[in-house]
Amino acid sequence: MEKFTTLNSTAIPLDIANVDTDQIIPARFLKATDRKGFGDNVFRDWRFYNDGSVNSDFVLNNPKYSGRILIAGDNFGCGSSREHAAWAITDFGFKVVVSSFFADIFKGNALNNGLLPVQVSEEFLKTLLDLVENNPETELEVHLENQTISVKNSELSETFDIDAYKKTCMINGYDDIDYLVNNKKIIEAFEAQKTY
């Protein structure tokens, strides 16, 4: 995984609650097992009409919005447990998703795939959505070590929780195997002390 410490970026506001994993990546696109290419079909049924033409009213197709942060409505990633949802979001280019609530399985899948789910209060989420919708140039800073998300050049900031193990993995760019390999000497020293 790519290391994550601090991200400074503009954001895309997806002010829709209860976005489920089938809306993130429809089931008909789950045939591949390689993580690459899923971003082409992220939010497919919202980004495109049935005939394949672009839905210019959908926020991801609006050229005034860009960035590596997706600000979503409440209860993001509900529905099925498909890991492909996290693959699709990261393959599209997002590094952070902000919401006031994440489904547990989606949250785990996101963290396992280098996508940081930042859970904020409902009030702060509304503030972020309003700011970005009204000024697409609004820049945010996500600081993983301090566990803060801030609006640049303002006093607006909020902390977020993250599992300590997953935080360590993201900061160092580890997956679960990398973490174990990195701690090989500690594990071997512990094993050497054991008497059978």
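1. In this note, a residue is called buried when its relative accessible area is under 20%. By that criterion, four residues of strand β2 are buried: Ala11 and Pro13 point one way from the strand, while Ile12 and Leu14 point the other way. The model under discussion is predicted, and the remarks below should be read accordingly.

2. Strand β2 belongs to an open sheet of four strands, in the order β2-β3-β4-β5, with parallel pairing. The edges of this sheet are taken by β2 (11-14) and β5 (116-119); each has a single partner strand, so one side of each is left without a neighbour in the sheet. From one strand to the next, the twist averages 20°.

3. The pairings within the parallel sheet can be followed residue by residue. Four bridges pair β2 with β3 in the parallel sense, and Ile12 stands opposite Leu70 in β3. On to the next strand, β3 (residues 69-72) and β4 (residues 96-99) run parallel and are joined by three bridges.

4. A second open sheet of four strands has the order β1-β6-β7-β8 and antiparallel pairing. Its edge strands are β1 and β8 (157-159), each of which pairs on one side only. Direction ignored, neighbouring strands of this sheet are turned by 10° against each other on average. Strands β6 (residues 140-143) and β7 (residues 148-151) run antiparallel and are joined by four bridges; His143 has Thr148 as its bridge partner in β7. Helix α5 (residues 122-134) lies across β6, β7 and β8, and runs at about 40° to β7.

5. Is Thr10 buried or exposed? Its relative accessible area is 19%, so Thr10 counts as buried, the cut-off being under 20%. A polar atom of the Thr10 side chain lies 2.7 Å from the backbone oxygen of Ser66. Leaving aside neighbours within four places in sequence, Thr10 is in contact with Ser66, Gly67, Arg68, Ile69, Pro136, Glu137, Thr138 and Glu139.

6. Arg82 lies in the loop between β3 and α3. With a relative accessible area of 17%, Arg82 is buried. Which partners does the side chain of Arg82 have in polar contacts? One is the side chain of Asp22, joined to that of Arg82 by a polar contact of 2.9 Å. Another is the backbone oxygen of Ile25, which lies 2.7 Å from a polar atom of the Arg82 side chain. Neighbours within four places in sequence aside, the residues in contact with Arg82 are Thr21, Asp22, Ile25, Pro26, Ala27, Leu30 and Asn109.

7. Asn109 also figures in the description of helix α4, where Phe106, Asn109, Ala110 and Leu111 are buried. The elements covering the buried residues of α4 include α1 (21-24), α3 (84-92), β5 and α6. Just after α4, Gly114 takes a positive phi of about 80°.

8. In helix α6 (residues 164-172), the buried residues are Lys166, Lys167, Cys169 and Met170. Seen down the axis of α6, these residues fall within an arc of 165°, so they line one face of the helix. They pack against α4 (104-112), β5 and α7 (176-182). It may be noted that two lysines, Lys166 and Lys167, are among the buried residues of this helix.

9. Both ends of α6 can be described. At the N-terminal end, Asp163 caps the helix: a side-chain oxygen of Asp163 lies 3.0 Å from the backbone nitrogen of Tyr165. After the helix comes Gly173, whose phi is positive, near 75°.

10. How many disulfides does the structure hold? The number is zero. Cys169, at 3% relative accessibility, counts as buried. Cys78 is buried as well, with a relative accessible area of 16%.

Technical notes:
Residues numbered from 1 in each chain as written. Predicted model: local features only at pLDDT ≥ 70, side-chain atom pairs only at ≥ 80, totals over all residues. Heavy atoms only, no water. Pairing = 2+ DSSP bridges. Axes fitted to C-alpha atoms, helices over the stretch in contact; angles between N-to-C directions. Buried < 20%, exposed > 50% of the residue type's maximum accessible area, 1.4 Å probe, protein only. Arc of directions from axis to C-beta. Contact = heavy atoms within 4.5 Å. Polar contact = N/O pair within 3.5 Å; in protein donor to acceptor, adjacent residues only side chain to side chain. Disulfide = S-S within 2.5 Å.
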